Amino acid sequence: MNFVDVLLQNAKIPGGETYWNEQPRETYAAWGDTIQADGSDYHNELLDHDVEIELYELMDKPDPEAHERLQEAFNAEAMHWRKEPRVLDPQLRLFMTRYTFSYTERV
Amino acid sequence: MSELNRPVRDKTSVPIGSGRFYLVKCPSRTMPSFAELVALCESENLIGETTGGATFNYSCERHEEKDDHGTLSRNVLIDEAVSLKGGLFSWGLDAMADLISTGRVEEADNGRFKVLRIGGLDNDNEETYVIVFEHTDPKYAPLYIAIMGTNGAGLTVPFARNNTSKLEPEFQAEPHDKGGTLALIFEDRGTQTEATASTTGDQPADNGGAEPDSGTEAE
């Protein structure tokens, strides 16, 4: 299972990568990962991940506990996370908060 | 005229790409032949995978004398140095020991621990190494830079959560023949065809920079 999916699972937040067939009617997360291969001059021994998680809360039902659980999941993995200001999408009637973090994977 | 396989670089060539570092102890302080230097470039002698390529550096110091009117001058070379710097992406304790003259690797507790001891001036092993950097390019003949020397830059080994721990040795060249040669840079054009194979010119010159003296070895 993908590392980000594990994080979300540990935080008990439903979510997935990027695409949703149907708008969930609960707090959920969508994430994307920018991957840069790296390593020595003749091989790729490393993958540098820059991950963005967008945490969505229903406008009528804010969910601060989801933030706490997500941050605890980050902290448990010693991930240095960054949280951006929450913004409102009035059309979707959702709050969105973006979390970003980076990690390096050895392949 | 020999028939050779690979084109050498000329003024239209655009060198690009990295290479690999190979290192062997050289107690005899004799620079191996060109063919032996090429043969050194095998996995057994690889220090580790390279990162950030290599930097060859030649520096010199000149002294200039002028008359009081600035009409006559003489400019002479009084010192020169060669170094070869590189980044090592992958390495172990044995590689570190080769880069630190007081480093020695041993095992303790019946092999449970592998230990690198560093320090103690009396432990200077006074080893000299042959260091070969092999730069390969699919378009041209492989290019080799060979020096005899040691790592003269010490070692700084960062350990960071978001970066690899690279070694960045800088090998300082020592003269390896009576002529004071500090470095060899050569291209391997490949093997000659049997019909044209020659027995000459296979050794680094040991003649102070004059015409190649076939069959001699550097001291």
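Helices (H or I, at least four residues) and strands (E, at least two) were taken as DSSP runs and numbered from the N terminus. The model is predicted, so that local features require pLDDT of at least 70 and side-chain atom pairs count only at pLDDT 80 or more, whereas totals for chains, interfaces and linings use all residues. Residues are numbered from 1 along each chain as its sequence is written, chains are lettered from A in the order in which they are written, and side-chain values use heavy atoms, with hydrogens and water left out.

On this basis chain B contains two helices and nine strands, arranged from the N terminus as β-α-β-β-α-β-β-β-β-β-β. Of the 219 residues in chain B, 33% are buried (under 20% relative accessible area; exposed is over 50% and partly exposed in between, with a 1.4 Å probe and protein chains only). Among contacts in chain B (heavy atoms within 4.5 Å) with a separation of 6 or more, 64% are between residues 24 or more positions apart. The accessible surface of chain B, from the Shrake-Rupley method with a 1.4 Å probe, is about 13200 Å², and carbon and sulfur atoms account for 47% of that surface.

Nonpolar cores were defined as sets of buried Ala, Val, Leu, Ile, Met, Phe, Trp, Tyr and Cys residues joined through side-chain atoms within 4.5 Å. The largest core has 21 residues, of which F21(B), I47(B), L84(B), I131(B), I147(B) and F171(B) touch the most other members. Two or more residues each are given to this core by β1 (20–25), β3 (73–88), α2 (93–99), β6 (129–137), β7 (140–151) and β8 (170–174) of chain B. The largest share, four residues, is that of α2(B). A separate core of 18 residues includes L8(A), L55(A), A66(A) and F74(A). Beyond its neighbours within four places in sequence, I147(B) has among its contacts M31(B), V82(B), L84(B), I131(B), F171(B) and L182(B).

At the interface, eleven residues of chain A contact 13 residues of chain B. The buried area (accessible area, 1.4 Å probe, that two parts lose on being put together, summed over both) is about 910 Å², with 48% from carbon and sulfur atoms. On the chain A side, S40(A), D41(A) and Y42(A) lose the most area to chain B, together 56% of what that side buries. Eight residue pairs between the two chains, both at pLDDT 80 or more, are in polar contact (a pair of N or O atoms within 3.5 Å; within protein, one must be able to donate a hydrogen and the other to accept it, and residues adjacent in sequence count only if both atoms are side-chain atoms).

In chain A, R98(A) pairs with E84(A), with the closest N and O atoms 3.2 Å apart. R98(A) lies in strand β6 (residues 94–106) of chain A and E84(A) in the loop between β4 (82–83) and β5 (87–89), 14 residues apart. R98(A) is partly exposed at 23% relative accessibility.

In chain B, R6(B) and D188(B) form a salt bridge (3.6 Å, N to O). R6(B) lies in the segment before β1 and D188(B) in the segment after β9 (183–187) of chain B, so this pair ties together parts 182 residues apart in sequence. E106(B) and R117(B) form another salt bridge, with the closest N and O atoms 2.4 Å apart. E106(B) belongs to strand β4 (residues 104–108) and R117(B) to strand β5 (residues 113–117) of chain B, so the pair ties together parts eleven residues apart in sequence.

Terms used. Salt bridge = Lys/Arg side-chain N within 4 Å of Asp/Glu carboxyl O.
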